[in-house]
Amino acid sequence: MKLPDPQGRFGQFGGAYVPETLVPALQELEAAYERARNDRAFQKELTDYLTRYVGRPTPLYFAERLTKRFGGAKIYLKREDLCHTGAHKINNAIGQALLARRMRKPRVIAETGAGQHGVAVATVAAMFGLQCEVYMGTEDMQRQALNVFRMRLLGATVTGVDAGSRTLKDAISEAMRDWTTNVRTTHYILGSVLGAHPYPMMIRDFQAIIGREARKQILSAEGRLPDLLIACVGGGSNAIGLFHAFLKDRRVKMVGVEAGGLGVAGGKHAARFATGKPGVLHGTMTYLLQDEDGQINVTHSVSAGLDYAAVGPEHSWLHDSGRAGYTSVTDDEALAAFDLLARDEGIVPALESAHAVAEVVKAAPTLKKRQVMIVNLSGRGDKDVQQVARLRGVTL
Amino acid sequence: MKRKNEANPRRSTKSPSLHASRFTDDVRENRIDHTFARLKAKGEKALIAYLMAGDPSLADTETLVLALERAGADLIELGVPFSDPIADGPVIQQAAERALRSGASLRKILQTVRALRARTQIPLVLMAYYNTIHALGEASFCREAQSAGVDGLIVPDMPPEESGPLRPGAAESGLRLIFLLAPTSTAERRATVIKQSGGFVYYVSLTGITGATLTDLGEVKQNVARIKKMGDLPVAVGFGVATPEDAARVSQIADGVIVGSAIVKKIAECRQDSRMPELVGDFVRSLKVAMAPPAPVSSS
């Protein structure tokens, strides 16, 4: 069964719940993407940029000291943090910027939470000569000030969003309003496997290179498939990117790690599968954190990139079908993992990716020595250094 | 004020005696259909006034609906507040935030509609984002809305393709599903949307969000004519209609004129004032008067 179906559904999840003004744009995008997907010239161009500009393939690194520390499974890190701009986000940004060019849209817009997607879009917009505007919650602008400045250096306009919780959710709403207004000249480069069809499918396809590479690399390193894949899940693009090439390998377990914030019990978190239920936000039917009237809850996470009330619809499908498991780790566990990876392996991870590492801390000791796990290290932590210092009361 | 008793659709709309066998929309008398037919017979255009239910409070909403009816509104659109209103500009977003803070919810709004139905038969249309309906359950929403006295439903983030779960309940209860068309809609989409719409077709006058400025009336005129050619449904135009002048111009090309942000803004401006219903009523009356220059229907 090929998912999504032609209506953009992954089972009951997905679809395209958007204002009429955007329907023709989504249809245009779907058609353009379909043509590009089957066009060798497009694929070659994309591969070219991924190789020479992004720096793919990214290494699959055996984390020896971390492995020894837990004495369990062999731990491999898929080094998306080594991509140009510092995270996996650029895999998708390049793909969509190429599409925008094919659709002759001179302007691109984006939302950003942690700023990684915004930086990736600002980067490719600069490279392709596209006009670029990035929407970001003012709360996120504060905790990711470095990335705000980076985007501006790259020539993008960064527009603060002061509505609602002033985080990713509100940035997406504002970007959708901009798109609705300027749809004839603008392509919206959504940053995760969220939103209306065809976004979750298209962004998954652009990110699936992560898993395709990792599958080849682990077969060559270990001569076998991994037992476990671990990735953090905000919208879930890095996780889908890693998981997708392994979906048919029934013996490969997959775990998505959500933001447990201050603890799931206290309500200040972004663990959609822990306490959410299906509903519609930003164009898609998926698990949402909402109250009984269907109002979207304010979420909390130390990591801006995971701080969002909805999860990508394909994850909802993987969750309900049981193909993937989902768990959460708290802010404190993620911060401890942030330190651990820095000290044991000399790699400062993004706070988002630190959530995946925190799950490794829990899972590795329970596995046998001959077992193998791959963790998606989706981004690097340079952007988070200031915030971590602030949290620890260190003045820089 | 003269018109107060004119809106008098048959009471059968509220009759609970209908059995499941009476499925199709057409068999149900509906206040929306009745109002458009009545106005058409008089050569008038419908003034559709939008309020955010619960802004500043649901008690105010009740008073406002009655005041707007007296001022000449022919149909009332009640916004259901949602935390993330992607189709709305800042004026309606902020109204939604105020309404949520005042404790408004879809359930409570239905109670308000029920209370209003003892006092008015003006057509009431809810404008609700999909998730608020989904949270209540599509089928039970339709039952409760019908029994409360709601006549129609606009879901700004639900194109016809996603309306499957609502259709059976809407058909059974006689609730009109009003879909939107936009300047970007292709001919093919116009056909799809018109076929699925009930009550009227909501033409979005501009490529944008609520409360933006209407600039291209020529395009509106052309698209409304295209929509009218494709079916019998009345066409109402909304988004960007802010002044009596806008209302006058739009009323010459469409069957209905929808005014939202401008009214919501008026409410926001005078929400501390004890004469708020009268002040908002005066504004609505000026819209209605502008729409019918040869033979004013309002008593102002």
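## The largest pocket

In this predicted model, the largest pocket has a volume of about 770 Å³. Its lining consists of 26 residues, and those that lie nearest the centre of the pocket are Leu3(A), Arg204(A), His244(A), Leu247(A) and Glu314(A). When the lining residues are sorted by class, 12 are nonpolar, 5 are polar and 9 are charged.

Several helices of chain A contribute to this pocket: helix H1 (23-37), helix H2 (40-54), helix H9 (199-207), helix H10 (209-222) and helix H13 (313-321) each supply at least two residues of the lining.

## The cavities

The structure also holds 12 cavities of 30 Å³ or more, and the largest cavity has a volume of about 320 Å³. This cavity is lined by 30 residues, with His88(A), Lys89(A), Gly305(A), Leu306(A) and Glu352(A) closest to its centre. Two or more lining residues come from each of these elements of chain A: strand S5 (107-112), helix H5 (116-128), helix H8 (168-182), helix H11 (237-243) and helix H15 (351-363).

By class, the lining of the largest cavity has 17 polar, 9 nonpolar and 4 charged residues.

## The four-stranded sheet

Chain A contains an open sheet of 4 strands, which pair in parallel and follow the order S7-S6-S5-S8. Strand S7 (157-161) and strand S8 (186-188) of chain A stand at the edges and have a single partner strand each, so one side of each is left without a neighbour in the sheet. On average, and with direction ignored, neighbouring strands of this sheet are turned by 25° against each other.

The pairing of strand S6 (residues 131-137) with S7 in chain A is parallel and runs over 5 bridges; Met136(A) has Gly160(A), in S7(A), as its bridge partner.

Key: Residues are numbered from 1 along each chain as its sequence is written. Chains are lettered from A and ligands numbered from 1 in the order in which they are written. This is a predicted model: local features need pLDDT of at least 70, side-chain atom pairs count only at pLDDT 80 or more; totals for chains, interfaces and linings use all residues. Side-chain values use heavy atoms; hydrogens and water are left out. On a 1 Å grid over the protein atoms alone, a cavity is a set of points where a 1.4 Å probe fits but cannot get out, and a pocket is an open set with protein on both sides within 12 Å along at least five of seven lines; lining residues have an atom within 4 Å of a point. Grid points are joined across faces, edges and corners, and a volume is the space filled by probe spheres set on the points. Ala, Val, Leu, Ile, Met, Phe, Trp, Tyr, Cys and Pro count as nonpolar, Asp, Glu, Lys and Arg as charged, and the others, Gly among them, as polar. Two strands pair if DSSP finds at least two bridges between them. Axes are lines fitted to C-alpha atoms, for helices over the stretch in contact, and angles run from 0 to 180 degrees between N-to-C directions.
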